[in-house]
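Here is a friendly walk through one model, with the cut-offs given along the way. Please have your viewer ready.

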Amino acid sequence: MFSKEDYRNYFSEMESIFKESLIIYTDLVNELSDQAARNKLLTLAEENMDAFNFVQKIKGNFLQK
């Protein structure tokens with residue numbers, strides 16, 4: 001069985017991964033002038049942000065118990 005600390009570390013690592021990729025997507029979007037590429041990256045960033053928010057919600061719910 002995993003401890004709360006194990007779950008906290010797991011979710012924190014997932015948050016870190018999503019946060020790093022969001023930073024990369026944002027930096028790329030800010031540098032691109034090609035609208036088609038920007039739109040694709042914005043879509044990826046939005047999906048990544050949704051996943052990040054989901055992980056934060058699950059982390060909060062899971063660790064409250």
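E15 counts as buried, because its relative accessibility is 13%; buried means under 20% relative accessible area, exposed over 50%, and partly exposed in between, with a 1.4 Å probe and protein chains only. E15 sits in helix α1, which covers residues 4–31. Helices here are DSSP runs of H or I with at least four residues, numbered from the N terminus.

Which residues does E15 touch, leaving aside its neighbours within four places in sequence? The contacts are F52, V55, Q56 and K59, where contact means heavy atoms within 4.5 Å.

## Where the numbers come from

This is a predicted model, in which local features need pLDDT of at least 70 and side-chain atom pairs count only at pLDDT 80 or more, while totals for chains, interfaces and linings use all residues. Residues are numbered from 1 along each chain as its sequence is written, and side-chain values use heavy atoms, with hydrogens and water left out.

## Two helices side by side

Helix α1 packs against helix α2 (residues 35–64) at an angle of about 160 degrees, and their axes are 9 Å apart. The axes are lines fitted to C-alpha atoms, for helices over the stretch in contact, and the angles run from 0 to 180 degrees between N-to-C directions. The two helices are therefore roughly antiparallel, a label for angles over 145 degrees; under 35 counts as roughly parallel, 65 to 115 as roughly perpendicular and the rest as oblique.

By class, the contact of α1 with α2 has 19 nonpolar, 6 polar and 6 charged residues. Ala, Val, Leu, Ile, Met, Phe, Trp, Tyr, Cys and Pro count as nonpolar, Asp, Glu, Lys and Arg as charged, and the others, Gly among them, as polar.

## Aromatic pairs

How many aromatic pairs does a search of the whole structure find? There are 2. The rings of F2 and Y7 have centres 5.7 Å apart and planes at 75 degrees, so this pair is edge-to-face. Rings of Phe, Tyr and Trp (its six-membered ring) pair if their centres lie within 6.5 Å; planes under 30 degrees apart count as stacked, over 60 as edge-to-face and the rest as tilted. F2 is exposed at 58% relative accessibility, whereas Y7 is partly exposed at 24%.

Y10 and F11 also pair edge-to-face, with ring centres 5.4 Å apart and planes at 65 degrees. Y10 is partly exposed at 49% relative accessibility, while F11 is buried at 9%.
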